[in-house]
Amino acid sequence: MINKVHYLICCFHAEWKKCLDPGEFPKRASRMNLSFGIKIVILVIAYVFGGTALPQVPYTMYNQGLFNSYTWISKRSTIKYFSKIDILSRIYNIYYPNDNVFGDLSNNKLGRKKTIAYRNGSEKCAMVPLKGLMTTTTNPLQLLKPINFPTLSSSRTFSYWLNSGAATLLSEGWADSKPTEVSSTPDVDVNTYIAQAQATGVQAIEADLNPWFTPSIPTADYSYADEGKLTSNAIFYKPDSDIVKIPQRKTTKTLWARGLRPSIVFLNINFNSDVQAATSTSNHSDVFLSLAQDAVSDISKYLISVKQVVPFIFVGYSPKTHSSSYDPEDEFAYDSYYRNDRILYKSVGAIAVDGPPSMYMSSVNGGSFVTGRKLPYLPTEYLKFIIGEIIWAKKNSIAVYWYASPFQQDSKGTPQYGFDTLFDENTKALARYLSVSSSRGMNALPNYWMIGQYSNTASSNSPGNDTDVESISRVMLDIISGPYFDRDHINPAVDAFMIGESRVCPT
């Protein structure tokens, strides 16, 4: 009895985080024989009066905070409890029309003949294919403001992803690599991002080879950022600890410990040059192939939520290295020189092309370029080679993602890190170009688009508002609104989890 009273006083004294946070929940409380109704009252009061201590919406608390770390309240009990009080779901839906906290109340769990009403008396919302993902390395806080891209957000056809730099910046409360605090609530920010990604149906990260979740690969074969560095992959997951070092001698929880469960990992296979070096007969050696396959296998062993690893394609047109007798558009598919690369991509089932549109497009092929600059920076053969890779992949049921990022054409420094004044126009121009580029009866459109940037300066294009022509959110909106996807040639296994709830419920 004393323990019960102490626990209730703790909660009613505004120490909500100590009372309900999975990482700090008192062990004695988890053993208390509290009635289910009291537990629900504690949860509701903590959410209503807890302030910033419990920033998560009930949906997140329901799916992550209450059930994954302990069995204080079981999902089955919760489902039964709420199923008896239909008015609760109706009231909740008035105030949180975009949440689906009652989404688990399905007839297969309750044994009912008819699915329970979800919102405002409607049936379960339809599931729709996701068309792409959006990210930013700098200004990651802008991803947490869907109110700035309402039209894009209401489409429900995209999700988000973070690379290690963006995840660390979000955890620090910084906008870019300058250690200037722009948010005083980084823990809240990271939890909000995770909840937002969870609500889309797809969670994703971009990773490099690293000792934490690709441990089979000798660290001598690649370079990586140590824990505590801005771009360390330890921010996502550590096998032996939930706590990770971040810059300025700080510590925080890994995203995995916070509840992020990625279903997709976009992988940079960044071996050292001696491992990646081409031979006279092969673009990549048998050793490279074996190591790359081991890395892919490792990820799903350690990040057990992962359903698909998507390597960024690292094979490009290189006539100085290999003189092929094939046309650039047919070279990858038929030249024995790329045999090991084809084996790898077939074994994985998905690829991602990293191609900044403004690096390729010019007035010659439907795009634009800054006056005084001669574009494309790369000859047309480079783009034709990529087109050949995409078509080969789709013919082999390999899912294709295209990552479109800004490329500042009139930059005096590194073009990739500047503001692209033609980002929107050239991305759409590239999409149109891919749609009319065909070989053997198939166009070169990807199955999914990735729109974002990985600049190290906050001056580059950012998510912004979806009414800002060159913002990432506007480019994402324009792309998903057009006929720029191949839905006829897909990898069914990948497409099965690239879906989200439309949330456009019938009335």
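**Entry 1**

I began with Asp424, which counts as buried at 4% relative accessibility. I kept in mind that this is a predicted model. Next I looked for a charged partner, and the side chain of Asp424 meets that of Lys428 in a salt bridge, 3.1 Å from N to O. Both residues sit in helix α19 (residues 423-436), and being 4 residues apart they are separated by about one helical turn. Lys428 is partly exposed, with a relative accessible area of 23%.

Which other residue does Lys428 form a salt bridge with? I found Asp478, with the closest N and O atoms 3.7 Å apart. This pair links distant parts of the chain, since Lys428 is in helix α19 and Asp478 is in helix α20 (residues 472-480), 50 residues apart. Asp478 counts as buried, at 16% relative accessibility. I then noted that salt bridges with shared partners join Asp424, Lys428, Arg474 and Asp478 into one network.

**Entry 1: one more salt bridge**

I looked up the total too: the structure holds 9 salt bridges. One of them is between the side chains of Glu227 and Lys238, at 3.0 Å from N to O. Both residues lie in the loop between β4 and β5 (243-246), so the pair ties together parts that are 11 residues apart in sequence. Lys238 counts as buried, at 13%.

Leu477 counts as buried at 13% relative accessibility. What does Leu477 touch, leaving out residues up to four places away in sequence? I found Thr151, Leu152 and Asp466. I also checked Leu477 against Thr157: they are 320 residues apart along the chain, yet their C-alpha atoms are separated by 9.7 Å.

**Entry 2: the sheet**

Then I turned to the strands. I counted 8 strands in an open sheet, in the order β8-β7-β4-β3-β2-β13-β10-β9, with parallel pairing. Which strands stand at the edges? They are β8 (308-311) and β9 (350-354); each has a single partner strand, so one side of each is left without a neighbour in the sheet. Direction ignored, neighbouring strands of this sheet are turned by 25 degrees against each other on average. I also looked at what packs on the sheet: helix α10 (residues 164-172) touches β3 (158-162) and β4 (203-208), and its direction makes about 85 degrees with that of β3.

**Entry 3: a closer look at β10**

I picked β10 to study residue by residue. How many of its 6 residues are buried? I noted 6 of 6, so I wrote the strand down as mostly covered. In a regular strand the side chains alternate between the two faces of the sheet. For β10, Ala399, Tyr401 and Tyr403 are buried on one side, and Val400, Trp402 and Ala404 are buried on the other.

Strand β10 (residues 399-404) pairs with strand β13 (residues 448-451) in the parallel sense over 4 bridges. Trp402 has Trp449 of β13 as its bridge partner, and Tyr401 stands opposite Tyr448 in β13.

**Entry 4: helix α14**

My last stop was helix α14 (residues 286-302). It has 17 residues and reaches 25 Å from its first C-alpha to its last, close to the 24 Å expected at 1.5 Å a residue. Which of its residues are buried? I listed Phe288, Leu289, Leu291, Ala292, Ala295, Val296, Asp298 and Ile299. I then asked what the buried residues of α14 pack against. They pack against β7 (264-268), α13 (273-276), β8 and α16 (339-348). That brought me back to the sheet, where β8 and β7 stand in the strand order.

Technical notes:
Residues are numbered from 1 along each chain as its sequence is written. This is a predicted model: local features need pLDDT of at least 70, side-chain atom pairs count only at pLDDT 80 or more; totals for chains, interfaces and linings use all residues. Side-chain values use heavy atoms; hydrogens and water are left out. Two strands pair if DSSP finds at least two bridges between them. Helices (H or I, at least four residues) and strands (E, at least two) are DSSP runs, numbered from the N terminus. Axes are lines fitted to C-alpha atoms, for helices over the stretch in contact, and angles run from 0 to 180 degrees between N-to-C directions. Contact means heavy atoms within 4.5 Å. A salt bridge is a side-chain nitrogen of Lys or Arg within 4 Å of a carboxyl oxygen of Asp or Glu. Buried means under 20% relative accessible area, exposed over 50%, partly exposed in between (1.4 Å probe, protein chains only). The expected span of a helix is 1.5 Å times one less than its number of residues.
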